[in-house]
Amino acid sequence: MSSINYDLSKIKAVAFDVDGVLSPSTIPLHPSGEPMRMVNIKDGYAIQLAIKYGYKIAIITGADTNALKVRFEGLGVKDIFLKSAVKLPVLESWMRTNLLSADEVAFVGDDIPDIEAMKAVGLSVAPADAAIDVKEIANYISPVIGGYGVGRDVLEQIMRAQKRWLSDKHAFGW
């Protein structure tokens with residue numbers, strides 16, 4: 001049973017911010033000054049599985065590092081929008097391109113730049129350590145902090161609600 005108070009049978013697509021959502025809020029800096037992000041393997045598993053089942057997945061982040069592109073392309077994500085400091089126009093364009101209505105989309109964000117995008121979708125999700133203003137508008141606050149499985153939490157609940165979690169051979173491999 002889902003702990004998300006939303007009709008998850010409607011969800012066809014999920015858009016994620018990265019920093020503070022799919023990676024922890026604290027980011028070590030390489031000696032060259034480049035931010036280095038950690039990623040969660042369970043998030044990665046859930047993302048690649050969701051794609052295999054036909055869900056649309058987007059990454060919409062203000063960050064701009066090749067490592068992010070490589071990571072998410074490796075999971076099968078085709079819609080990766082780097083340097084998206086203002087996320088709402090990118091989200092709206094992605095939704096139009098994929099013929100998605102707001103009630104079919106979830107957005108997972110953790111900080112002020114995510115609020116407009118979160119308000120534009122049916123299901124807005126925040127990690128446990130999100131900014132207070134984000135938590136106030138979120139439909140669901142995950143018990144998980146950013147970078148430690150928020151993506152897995154949301155995608156698993158969506159797929160379970162739609163009877164797709166561990167439902168066939170796709171579930172047991174990468």
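A salt bridge is a side-chain nitrogen of Lys or Arg within 4 Å of a carboxyl oxygen of Asp or Glu. The exercises below apply this and other terms to a predicted model, in which local features need pLDDT of at least 70 and side-chain atom pairs count only at pLDDT 80 or more, while totals for chains, interfaces and linings use all residues. Residues are numbered from 1 along each chain as its sequence is written, and side-chain values use heavy atoms, with hydrogens and water left out.

**Exercise 1. The sheet**

Task: State in which order the strands form the sheet, and describe the surroundings of β1.

Solution. 

Step 1. Helices (H or I, at least four residues) and strands (E, at least two) are DSSP runs, numbered from the N terminus. Two strands pair if DSSP finds at least two bridges between them.

Step 2. The open sheet is formed by six strands, in the order β3-β2-β1-β4-β5-β6, with parallel pairing. Its edge strands, β3 and β6 (140-141), each pair on one side only.

Step 3. Four bridges join β1 to β2 in the parallel sense, and four bridges likewise join β1 to β4 (residues 105-108), again parallel. F16 stands opposite I59 in β2 and opposite V108 in β4.

Step 4. In a regular strand the side chains alternate between the two faces of the sheet. In β1, A13 and A15 point one way, V14 and F16 point the other way, and all are buried. Here buried means under 20% relative accessible area, exposed means over 50%, and partly exposed lies in between (1.4 Å probe, protein chains only).

**Exercise 2. Helix α1**

Task: Describe the span, the ends and the buried residues of α1.

Solution. 

Step 1. The expected span of a helix is 1.5 Å times one less than its number of residues. With twelve residues, α1 reaches 17 Å from its first C-alpha to its last, close to the expected 16 Å.

Step 2. After α1 comes G54, which has a positive phi near 95°.

Step 3. The buried residues of α1 are D43, G44, Y45, A46, I47, Q48, L49 and A50. Their cover includes β1, β2, α2 and α6.

**Exercise 3. The aromatic pair**

Task: Which kind of aromatic pair do Y45 and W165 form, and why?

Solution. 

Step 1. Rings of Phe, Tyr and Trp (its six-membered ring) pair if their centres lie within 6.5 Å; planes under 30 degrees apart count as stacked, over 60 as edge-to-face and the rest as tilted.

Step 2. A search of the whole structure finds one aromatic pair. The ring centres of Y45 and W165 are 6.1 Å apart and the planes stand at 90°, so the pair is edge-to-face.

Step 3. Because Y45 lies in helix α1 (residues 41-52) and W165 in the segment after α6 (150-161), the pair ties together parts that are 120 residues apart in sequence. Both Y45 and W165 are buried.

**Exercise 4. Salt bridges**

Task: How many salt bridges does the structure hold? Locate the pairs D19 with R37, K83 with D64, and K69 with E73.

Solution. 

Step 1. The structure holds eight salt bridges.

Step 2. One of them joins the side chains of D19 and R37, at 2.5 Å from N to O. Both residues lie in the loop between β1 (13-16) and α1, so the pair ties together parts that are 18 residues apart in sequence. D19 is partly exposed, its relative accessible area being 22%.

Step 3. K83 and D64 form another, with their closest N and O atoms 3.9 Å apart. This pair links distant parts of the chain, 19 residues apart: K83 is in the loop between β3 (79-81) and α3 (88-97), and D64 in the loop between β2 (56-60) and α2 (66-74). K83 counts as exposed because its relative accessibility is 62%, whereas D64, at 46%, counts as partly exposed.

Step 4. K69 and E73 form a salt bridge with closest N and O atoms 4.0 Å apart. Both lie in helix α2, four residues apart, about one turn of the helix.

**Exercise 5. The surroundings of K87**

Task: Is K87 buried or exposed, and which residues are linked with K87 in a network of salt bridges?

Solution. 

Step 1. K87 is found in the loop between β3 and α3. It is buried, because its relative accessible area is 5%.

Step 2. D17, K87 and D114 are linked in a network of salt bridges.

Step 3. With contact meaning heavy atoms within 4.5 Å, and leaving aside neighbours within four places in sequence, K87 is in contact with residues including I60, T61, G62 and F107.

Key:
A polar contact is a pair of N or O atoms within 3.5 Å; within protein, one must be able to donate a hydrogen and the other to accept it, and residues adjacent in sequence count only if both atoms are side-chain atoms.
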